[in-house]
Amino acid sequence: MSEGTDGLDQTRTAPVAAPARHARPDFPHGRLPILAMVVTAAALLLVVLASIGVHIPYGLFYRLPLYGVFQPVASPWALTVVPAGALLAFLAWYATTSTRPRTPVALALLVFGGVVTAASIALVRGHRYDLVRGVSTAPGARYLTSDVHLVDQFGIRGFVEHYTALFPLMHVYNARTHPPGLILLLHTIMSVVGSAHLLRVSTVMAVIAMSGAVAAWLMGREGAGPRSGMTAAILFVASPGPLVMTYTSVDAVIAVPLALGAALVMVAVHRDDLRWAAAGGAVLGVAALLTYAVAFVALAATIAIAIEAGGWRRAVRLLGGTAAGGVAVLLLAWLTLGFNLLTTYRATPNVSNARYDPYWIIGSPAAVLIFAGIPVAALGLVGLVRPPSGTRRAVLPLTLVVIMLVWVNLPPSVTGLRPGETERTWAFLYPMLAAAAAAVVTRWLDRASPARRGTAIATLVVIGVAQTVLIQSLWDTLF
């Protein structure tokens, strides 16, 4: 792939921080990344084994730390992952070594390969219904799609404007803990492709979820150059979290505007560009229609701008641009749909009043890292804490990780949330971890030939897909 131009940004300026070509004594080639992956795998396995005797008296935590029923299954349908995973590995190799496709084409191919592989992952437990279970409208289904009929009943504006008053009519508790944008999105997709064609609906959702690769690419490119950006996209589409949730959980869709908004803000800070800042704020404004977790990203963005802007005037300018973009979207939503973010949030019920359990101090981060996958978890942490020479420190993602770690340590009486399920609710971290990991991988392989570099990255893809199959075979996570 040509690294002279990426197809989306036609400027020919050099990457902000190209990896150094000389060996760095404290970042030895071949040893630290492999050691980090081995240590991370051992640590996460230890957490899983230590969790066997831990009992949580709510939800579907039958075997911690992952959310789901621990029910090992060996189905011949799992063999569908072999050709799908091989396709994804080949596309990763091709995107890494080829000089022909422009970045949009390469990203489209990776998203396609990710969706195909995610579909095969949904079949691992032997039920074709698992491909559409997340969008079921059957009686008794506990998915947001079962409340889409309310939009037809009250109209789009009527549904949004009187959203909180409709809580008693909703079948799904999750609908009351999210803004109305999620159901509107589902309604739009079902109206376009047909509500009776659930596979089409779930596939459209899957494509949206996998497009988080764009956010990973943007953050990876901004931190360590074009090669790192493409590697970040590859690592993202091969991570267990996106592969497991793409066909089954709306959290994968929610994560896309959160991660993309953060990526645009990162670019704005690095380039001191108000247009990027406004675009980032606008995308986060769209995310506010889908989830209240946008507050975490907005806080992290504010802190990152204050740290990286290099002066209070620039910081105020960039913060103003970001805020203007977000406010403009929310104002438009209020004028056209009657959406009031604060009013809707105040009406949101507490998810749980569960007692504080210190287990989640370790359990929640471990669940996220397991779903990130060993390569992304290990190398992403290395990239966040100790970025390779010649690359930018990912201040916004690092700040966001710290915020989430503090949040998870607060008792449910403060957060109003049920502990656990972080592998889903923190899904916006996967593109960020992939971008941080990509900087490490790029530095690790900077002297390798294109063929060897492609083979190494394809191997990381195979590791991610294999771990995903293991997770899906042991846990029924399709909730």
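What share of the contacts in the protein with a separation of 6 or more is accounted for by residues 24 or more positions apart? In this predicted model, such residues make up 81% of those contacts.

**Overall form**

The protein contains 23 helices and two strands. Its C-alpha trace extends over about 65 × 60 × 45 Å along the principal axes. The radius of gyration is 21 Å, which agrees with the value near 23 Å that a compact globule of 479 residues would have. Of these 479 residues, 58% count as buried. The accessible surface amounts to about 19500 Å², and carbon and sulfur atoms contribute 67% of that area. As for charge, there are 32 positive and 18 negative side chains, and the centres of the two sets are 6 Å apart.

**Backbone features in loops**

Most residues other than glycine have a negative phi, and most peptide bonds are trans.

| Site | Backbone value |
|---|---|
| Leu-64 and Pro-65, cis peptide bond | omega about 5° |
| Asp-272, positive phi | about 50° |
| Glu-421, positive phi | near 65° |

Pro-65 is located in the loop between helix 1 (32–50) and strand 1 (69–70). Asp-272 belongs to the loop that lies between helix 12 (251–271) and helix 13 (274–287), and Glu-421 to the loop between helix 20 (412–415) and helix 21 (422–425).

Is Glu-421 buried or exposed? Glu-421 has a relative accessible area of 17% and is therefore buried, since the cut-off is under 20%. Asp-272, at 27% relative accessibility, counts as partly exposed.

Key. Residues are numbered from 1 along each chain as its sequence is written. This is a predicted model: local features need pLDDT of at least 70, side-chain atom pairs count only at pLDDT 80 or more; totals for chains, interfaces and linings use all residues. Side-chain values use heavy atoms; hydrogens and water are left out. Helices (H or I, at least four residues) and strands (E, at least two) are DSSP runs, numbered from the N terminus. The radius of gyration is taken over C-alpha atoms; the globule rule is 2.2 Å times the number of residues to the power 0.38. Buried means under 20% relative accessible area, exposed over 50%, partly exposed in between (1.4 Å probe, protein chains only). Contact means heavy atoms within 4.5 Å. Accessible areas come from the Shrake-Rupley method with a 1.4 Å probe; for residues, only the protein chains shown count as cover. Lys and Arg count as positive and Asp and Glu as negative; His and the chain ends are not counted. The place of a charge is taken as NZ of Lys, CZ of Arg, CG of Asp or CD of Glu.
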